[in-house]
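Hi,

Here is the structure I said I would pass on.

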Amino acid sequence: MNQTLWTPSPELIQNSRLTEFQNFAEQKIGKKFKNYSELHSWSVEFPEKFWGLIWEFAPVIHSETYDEVIRPGKTFREAQFFPGAKLNFAQNLLRKKDDTVAIFYRGESGAEKSLTYSELYKNVGALAAYFRSEGVAPGDRIAGLMPNVPDTVLAMLAATSIGAVWTSCSPDFGVKGVLDRFGQIKPKILITTDRYEFKGKSLPLAATIQEISSQLTDLKKILVSEYPSLGSDDQKNITDGFPKNSLPLIESYKSFLGQEPEFYQTSFDHPVYIMYSSGTTGLPKCMVQGSGVFLNHWKELALHTDLREGDGIFYYTTCGWMMWNWLVSSLSIGAAVHLFDGNPFHPDPGVLFRFVSDRKVKVFGVGAKYILSLEKEKYKPSVDLSSVKAVLSTGSPLPGYGFEYVYESWKKDLRLSSISGGTDLNGCFALGNPNLPVHSGELQSLGLGMAVQIFDDSGKQIQGQKGELVCTKPFPSMPLEFWNDPEGKKYLGAYFDTYPNIWRHGDFAEILPNGGMVVYGRSDATLNPGGVRIGTADLYSLLETISEIADSVVIGQEWKDDVRVILFLKMAPGAILDQTFESKIKKEIKDKVSPRHVPSKIIQVADIPYTRNMKKVEIAVKKTVQGEAVTNQDALINPESLEYYKNIPQLQTD
């Protein structure tokens, strides 16, 4: 077992929302649970009882109750949750209507904007009325090409309040990336902004919207939000340069102010969101998700994160990442949702810490890449973090030294929860737990109601070994369908092509004896020389501690009826990849990781490719090395970097 870094006090355990739910469940079913492991085992053995109690405990606002909790289907994906129920997604997020803060925003420039729950409720009613006046009907798509600002949340809630389907991309996507997504789902209304800011630059969007809208033939109206700024120009027309069918967002609903939301009641499996895969190997998959997202988010936020009404929560994210959807669901708890738009290191690495400290945020969420970047610089925040009770990390595996850095340099008394799931389920398979200790490098626990196991290549369950992460039973936030996939071929190919009727998630992981989990990377990127598999995260956790290396990516290259490990390094300024340093790296990997996975080649490159959610793309590198096309390079934040991996002479020799 890895080092224990934090242990909850008996008082914290007694007062956690997870304990409150456990007591509630024990009273309802007449059974006592000795520990979390027993509670989790029960939740996956009797999912209909568990999810029924979550519905009651939340409680879910609904106009008609369900006929049964789960109606089994012939296959995993055909199972229906809460058939017969009628509810509205937005109504469950807009429970509060008082003058407490619902949304607080700060931009990179320091501009701030806030909305109370009563203001948000009022504006949602008005914008929803405008949508209806434009003929938007249940099931129509409303798309947002938006930065992470309050108007994005407002537009999503207004859309889902009338039964429309919300989908979004962040404005840093190029024209092709946006059309690859929105072009498939054909939105009726597009919400965008006049500009956005990043690294101190103001980036206008009018020309981009002109090009995009000309190819979205079903688009009826474009609504332009004014990007929050420190100063204001009353004479500015924010729609200058935009298409003729553009209207300032505030102008669209101003005449409807005073109209309360009329929450359209839908079935539980009515579409709410369309989410997108990264799409680096083809057109992005369009995953249609329903109200199961809300219910699963509520479980994760209330029980696993211990979020409560009035708490401040912040996650650094864009509107193109599922963590935005996860964060916004905090409104269903009655929390204060904090938004930040811009670069997290501009003008200095303290910008997010100052925001969290100033706003007395309780839950502080970032990507693992953010933590590791600060660790490499040995950065120590200088602000008061006494309000922070939990730090969440996701996007990629957080190695043990990243955990230790947070406790040594940020704060000792907090729960650091590495969480892992995906856009596909808009949630987590494994995540934090307020009742359990934090061990270095480990995810604390499997999620309640998630029947997660580890399989070997033959499809047998294994314990205490690395293998494929699978889910053996349906869960409410699984995609309803893929867009334009009437026979379900894409859906089945994405999750069920390896183990019949078992969800294969694509992560290489291990469930530990203590019930925690370690994720070693994507299973399609694992290294397998001589038939011995290892996750790429094992190598990265070592390489990221070496000061001469700025970044790295590792792949398995097919070579002479086997696989050999190829390591690409981006060197730190002033560092040189020579024979001495190469020998040092090989020895470090041999001694500390695995003698079977010492790289056959170590090659210097100028940059490492990442998705816009800051995930390394080993598969795109491998395809490029093998001469295969990477068809949707616009999903990358730095697509030009793939040029460094083409026609490398060293890869043609032993």
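**Strands and helix contacts**

G421 sits across from C428 of β23. Before going on, bear in mind that this is a predicted model.

β22 and strand β23 (residues 427-431) are antiparallel and linked by 3 bridges. Taken as a whole, the sheet is an open one of 3 strands, ordered β22-β23-β25, and the pairing is antiparallel. Which strands stand at the edges? They are β22 (420-422) and β25 (445-446); each has a single partner strand, so one side of each has no neighbour in the sheet.

There is a helix to look at here too. α11 (residues 292-304) lies across β23 and β25, and runs at about 35° to β23.

Now for a helix pair. The axes of α14 (residues 368-376) and α15 (residues 400-409) come within 10 Å, crossing at roughly 70°. With an angle like that, α14 and α15 are therefore roughly perpendicular to each other. As for handedness, the α14 and α15 crossing is left-handed.

Which residues meet where α14 and α15 are in contact? From α14 you have I371, L372, L374 and E375, and from α15 Y401, G402, Y405 and V406. Sorted by class, the contact between α14 and α15 is made up of 6 nonpolar residues, 1 polar and 1 charged.

That's what I have for now.

Cheers

Conventions
Residues numbered from 1 in each chain as written. Predicted model: local features only at pLDDT ≥ 70, side-chain atom pairs only at ≥ 80, totals over all residues. Heavy atoms only, no water. Axes fitted to C-alpha atoms, helices over the stretch in contact; angles between N-to-C directions. Helix = DSSP H or I, 4+ residues; strand = E, 2+ residues; numbered from the N terminus. Parallel < 35°, antiparallel > 145°, perpendicular 65-115°, else oblique. Left-handed = near helix turned anticlockwise from the far one by under 90°. Contact = heavy atoms within 4.5 Å. Nonpolar A, V, L, I, M, F, W, Y, C, P; charged D, E, K, R; others polar. Pairing = 2+ DSSP bridges.
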